[in-house]
Amino acid sequence: MELGLIGLGRMGGNMRERIRRGGHTVIGYDRDEKVSDVHSLSELVDRLAAPRVVWVMVPAGEATQSTVDELAELLSEGDVVVDGGNSRWTDDKRHAEQLAQRGVGFVDCGVSGGVWGLENGYALMYGGDAQHVDRVRPIFEALKPEGEYGSVHAGKVGAGHFAKMVHNGIEYAMMQSFAEGWELLEAADEVTDVREVFRSWQEGTVIRSWLLDLAVNALDDDEHLNELRGYAADSGEGRWTVEAAIDHAVPLPAITASLFARFSSRQEDSPQMKMIAALRNQFGGHAVERSK
């Protein structure tokens, strides 16, 4: 099938390639003309045969809103828009209603996979009406990992981004646990090879995981993480998870504590945050700050 893809950055560019490898036609637009297939959103829409499917992969907030605003003027009845960025789930209903006024469908899709998704596939969580989801399903199949799992119609509009938000909240807490354990091992005189302790956990233990593998990768690159500053940003999903927990009266002590630990990284050079920064760089290509 044909797909218009808006936003060809770190994830969007790799997603375009994986979809093309799946045998589909992708026309991509980005403000960076060096990677863009067309010069404007209007040209992208004109190049697609109706009914169209357009996937948006731009930063949450104003960038997504302005893109939806423009698409609402360009698209026609029967087209479908997919928001695959990290938008807040509360924005999805508003976008769906805005596009529905023009007869355009809307699907929200949480995407996980980072810089590894091109080769390994992307975990996908999407929300929306079944008829709109079915229109996009061939693209979901091209993007997802091989096998039975990795893709889910999570519910109605907003469900995809809500599920991805909770996924990222869990990710916060898991990374924080590895970081705290690493700092404690580094502080103990009795333990002389922390990196190899982490490596030994990769087989046969209940905490073996992809995050553990990435931690070992980071320690192989910089055994004591001396080259990193202990600073880790929070991109929004952790805060939204805690806010949703408050709204639903659901206790989230581990996730909430991991969010506050990110804030502590802004006050001093935290050893734990070196590991968090290293893990975010490993799985998502997120920028790190080097120590001076």
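The legends below describe close-up views of a predicted model.

View 1. Seven strands form an open sheet in the order E2-E1-E3-E4-E5-E6-E7, and their pairing is mixed. Strand E2 (25-29) and strand E7 (151-155) lie at the edges, each pairing on one side only. From one strand to the next, the twist averages 25°. Helix H1 (residues 12-21) packs on this sheet, where it touches strand E1 (2-6), E2, strand E3 (53-56) and E5. The direction of H1 makes about 165° with that of E2.

**View 2. Strand E4 between its two neighbours.** E3 and E4 run parallel and are joined by 4 bridges; here Val53 stands opposite Val80 of E4. The chain passes from E3 through H3 to E4 in a right-handed β-α-β crossover. E4 is also joined to E5 by 4 bridges, again in a parallel arrangement, and the bridge partner of Val80 in E5 is Gly105. Both faces of E4 are covered. Val80 and Val82 on one side, and Val81 and Asp83 on the other, are all buried.

**View 3. The antiparallel pair E5 and E6.** E5 and strand E6 (residues 123-127) run antiparallel and are joined by 5 bridges. Within this pair, Val111 has Leu124 of E6 as its bridge partner.

**View 4. Helix H4 and its buried face.** Helix H4 covers residues 89-100 and forms a right-handed β-α-β unit together with E4 and E5. At 1.5 Å a residue, its 12 residues should span 16 Å, and the end C-alpha atoms are 17 Å apart, which agrees. The buried residues of H4 are Trp89, Asp91, Asp92, His95, Ala96 and Leu99. Seen down the helix axis, these buried residues fall within an arc of 135°, so they line one face of H4. They pack against helix H3 (62-74), strand E4 (80-83), strand E5 (105-112), helix H7 (159-187) and helix H10 (237-248).

**View 5. The surroundings of Leu259.** Leu259 belongs to helix H11 (residues 253-264). Its relative accessible area is 4%, under the 20% limit, and Leu259 is therefore buried. Leaving aside neighbours within four places in sequence, Leu259 is in contact with Tyr172, Asp234, Gly238, Arg239 and Val242. Tyr231 lies 28 residues from Leu259 along the chain, and the C-alpha atoms of the two are separated by 13 Å.

View 6. Ala50 and Pro51 are joined by a cis peptide bond, with omega about -5°. Pro51 is placed in the loop between helix H2 (41-47) and E3.

View 7. Leu225 is not a glycine, yet its phi is positive, about 55°. This residue is found in the loop between helix H9 (210-221) and H10. Leu225 has a relative accessibility of 1% and so counts as buried. Ala249, also a residue other than glycine, has a positive phi near 55°. Ala249 is placed in the loop between H10 and H11. With a relative accessibility of 69%, which is over 50%, Ala249 counts as exposed.

How values were computed
Residues numbered from 1 in each chain as written. Predicted model: local features only at pLDDT ≥ 70, side-chain atom pairs only at ≥ 80, totals over all residues. Heavy atoms only, no water. Expected span 1.5 Å × (residues − 1). Buried < 20%, exposed > 50% of the residue type's maximum accessible area, 1.4 Å probe, protein only. Arc of directions from axis to C-beta. Contact = heavy atoms within 4.5 Å. Pairing = 2+ DSSP bridges. Axes fitted to C-alpha atoms, helices over the stretch in contact; angles between N-to-C directions. Right-handed = clockwise from strand over helix to strand, strands pointing away.
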